[in-house]
Amino acid sequence: MNPEETEKFVQLLTAHQSRLYAYIRSLLPDSNAVQDVLQETNIVLWRRSEEFEAGSNFVAWACKVAYYQVLAFYRDNKRDSLVFNIELVSLLAKQNEEKLADSQNLQRALSCCVSKLPEQSRRLIQQRYASGGSVQSIAAEQGRSVGAVSQTLYRIRQLLQECVQKTLASEQGE
Amino acid sequence: MNINHPSQEDQNDLPKLISAFIDGTLTEEESQDFLTRLETDDAARDLYLQMMNADSLLQWEQGQTEPLPDLSCLSREDQAVSLAFDPGVVSARKQLVFMRFALATTIAVCVCLVGLLAMESSPTQARAQFDSSEGVPAAMIIEEQNAIWERTEWTQDVSKPLVPGWLKLKSGQVLIDFLGGTSIALQGPAELGLNANNRAFLRSGRLATVGTSRVHDFTLTTENLTIVSQSANFGLSVTSDNQTEVHVFEGRVTVSRAQSQPEKEIEQDQPPEFSDAIVVEAGQAIVFDHAGQELSRQLADRVLFPSRSLFSVADPPGDIPALNFAEHQIQPYSFQDGQFELPTDYQVIDQGKGLRLWGNAWKTIEINREITPNTVIEFDFRCAHEGQIHGFGFDTDNQYGDQNYVFQIYGYEVRPGIGQQFNTYSGTDWRRFRIRVGRYYSGKQRYLFFLADEDVIARAESQFRNVRIYETP
């Protein structure tokens, strides 16, 4: 690749990190392993960057690479410590590749909807995600039950989902 | 069996199940059920991916506090290294946060365990705490039936909260409300140690948990056993020769032999679950000897244990008129009403005999009522939209704070200072509540407030009607 192609490739790779993360996490719902597999995927994508044809579907190509990295992870780790079986991973991978193709709008809508949440809910989202807090740790910190924190997060997710759907629908209508 | 076409109820539960899966709070059984649905149901997979993707994007955005480096100015080798390490930086940051929290939690748990063990191993000290007004309240005696206490100093003012300590009941029965959400009917003669708002020690006597339908954990220990319950109703008796019987009526409990070296428990920072734990299911009873060895199994027998019905609150004396909300000014209660700029609304219903709240609503009326230990409130309640907390309370100054006891009768939230012992509502129909509020409040109360609390989406609904306040013998 010439310097210009390299720059474009790196731009694509960085721009799609969040989608790759989401894709891998959907197949491997274990946050520690997700970071490791994303790291491996990035290395493989870079090593194979010569194979990527400019203008073709980068997300589809990157997801395929990520899928094989997930399979490699499943192969190398004890099956009983993993959540999904290989058949389910295969089904989810196929379904999610299409879903994530349009995730840019989803991400924008999500950011917008998070900013509209009540302050208390936004704080909980930050505790859960920005600080990497588990539901158990948040519950202990706030003196609440795990079930109550989990239920609150469920309500927030519901609210966000409704807001995202409305936002995307209104964007499409414009 | 209808695997590919799940019922409407199953579909309604699915988002909740997925959310709990994302949070890692599913039970093993729920986890298996969820995986089966993912494997067999396209729609379930679709919804899972939709929710998981949104969650991951949220996690990515919130966790990504620093931008990725500008790789275009690096050599190919350097770029590969940089790409390889960048996610690790985020991961390491999270791990650091987690480790700090884990360390703090471990220290806190150790301090608590040391405190509990010190209390259990030195009853004299516990007695001293019993009369202290500075301790953290763990429980309240909310009803008595011919109760005679072992020694004069054990006679309790029933309207006072109990801090950790020992109760010696010579005869009669008492209903004890642990503030963690469990109610216990204790039958004398009995000796019960109150450890915390969700933990007690039965040295001798007979008791039954008569808790609510809500999820709450409770741990009962004896000289040789530890019984852990998650919302189960069960009976426990300890004889003078330390023979123990556990009878489970609803739910299940885990029974373990007490460890001979309790210090190890602290070092390992483990919950009270042991390798030789026995699960006792509803309908079963087990008799254990003084060493905690199982002697025999039999059917659970409720008749052997005190029940909540022994403590039912008396009917109103004569025809007590219900509150007419149409004659009162309905006002916002403290800062709670519409908190976080969320919607709040109310409507007077049933020709003034009822009040409907909606949103994130806390509303109050002035009643100017003297509350005595024998004051009872009676009302009908129904709810079509569950929120975090549905309930009521009294106040002197329309300023909500820790000192204000709230009676929660419905809702998924469990908060300190908000009693769970009456959180028993389910379904959507009217249900009558009758609560001896005089055990929790005393003196002149100016305000009575009602609430439908939902700080997240403000869609809680509460309906109260036929509210009567009266004195009972």
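A: Asn398(B) is partly exposed, because 14 other C-beta atoms lie within 10 Å of its own, and this middle class sits between buried, which takes 20 or more such atoms, and exposed, which takes 12 or fewer, with C-beta atoms placed from the backbone. The model is a predicted one, in which local features need pLDDT of at least 70 and side-chain atom pairs count only at pLDDT 80 or more, while totals for chains, interfaces and linings use all residues. Residues are numbered from 1 along each chain as its sequence is written, and chains are lettered from A and ligands numbered from 1 in the order in which they are written.

The backbone of Asn398(B) has a positive phi of about 60°, although the residue is not a glycine. Most residues other than glycine have a negative phi, and most peptide bonds are trans. Asn398(B) belongs to the loop between strand 18 (389-395) and strand 19 (406-410) of chain B; strands here are DSSP runs of E with at least two residues, helices are runs of H or I with at least four, and both are numbered from the N terminus.

Asn242(B) is not a glycine either, and has a positive phi of about 65°, and its place is the loop between strand 7 (233-238) and strand 8 (244-250) of chain B. Asn242(B) is partly exposed, with 17 other C-beta atoms within 10 Å. Another backbone feature of chain B is the cis peptide bond from Gly188(B) to Pro189(B), with omega near 0°, where Pro189(B) lies in strand 3 (residues 183-196).

Chain B also holds an open sheet of 5 strands in the order 14-15-23-17-21, with antiparallel pairing; two strands pair if DSSP finds at least two bridges between them. Its edges are strand 14 (344-349) and strand 21 (431-435), each of which pairs on one side only. Strand 14 is joined to strand 15 (residues 354-359) by 6 bridges, and Thr344(B) has Gly359(B) as its bridge partner in strand 15. Further into the sheet, 7 bridges join strand 17 (residues 375-382) to strand 23 (residues 460-471), where Glu378(B) is the bridge partner of Arg468(B). Strand 17 and strand 21, which run antiparallel, are joined by 5 bridges, and Ile377(B) there has Ile435(B) as its partner.

Elsewhere in chain B, strand 6 (residues 225-230) and strand 9 (residues 252-257) pair in the antiparallel sense over 5 bridges, with Ile227(B) bridged to Val255(B). Strand 9 is in turn joined to strand 10 (residues 278-281) by 4 bridges, again antiparallel, and Arg252(B) stands opposite Glu281(B) of strand 10.

Chain A has another make-up, with 9 helices and 0 strands. Of its 174 residues, 39% count as buried. Helix 5 of chain A has 15 residues and reaches 20 Å from its first C-alpha to its last, close to the 21 Å expected at 1.5 Å a residue, the expected span being 1.5 Å times one less than the number of residues. Leu92(A), Ala93(A), Asn96(A) and Leu100(A) are buried in this helix.

The two chains meet where 61 residues of chain A are in contact with 52 residues of chain B, contact being a distance within 7 Å between C-beta atoms placed from the backbone. Helix 9 of chain A gives the most to the side that touches chain B, with 16 residues. By class, that side of chain A has 26 nonpolar, 28 polar and 7 charged residues; here Ala, Val, Leu, Ile, Met, Phe, Trp, Tyr, Cys and Pro count as nonpolar, Asp, Glu, Lys and Arg as charged, and the others, Gly among them, as polar. Helix 9 also contains Gln165(A), which is partly exposed, with 13 other C-beta atoms within 10 Å.

The largest nonpolar core has 65 residues, and those with the most contacts inside it are Ile24(A), Ala66(A), Leu110(A) and Ala54(B); such a core is a set of buried Ala, Val, Leu, Ile, Met, Phe, Trp, Tyr and Cys residues joined through C-beta atoms within 7 Å. Apart from this core lies another, of 43 residues, among them Leu179(B), Leu186(B), Leu236(B) and Phe288(B).
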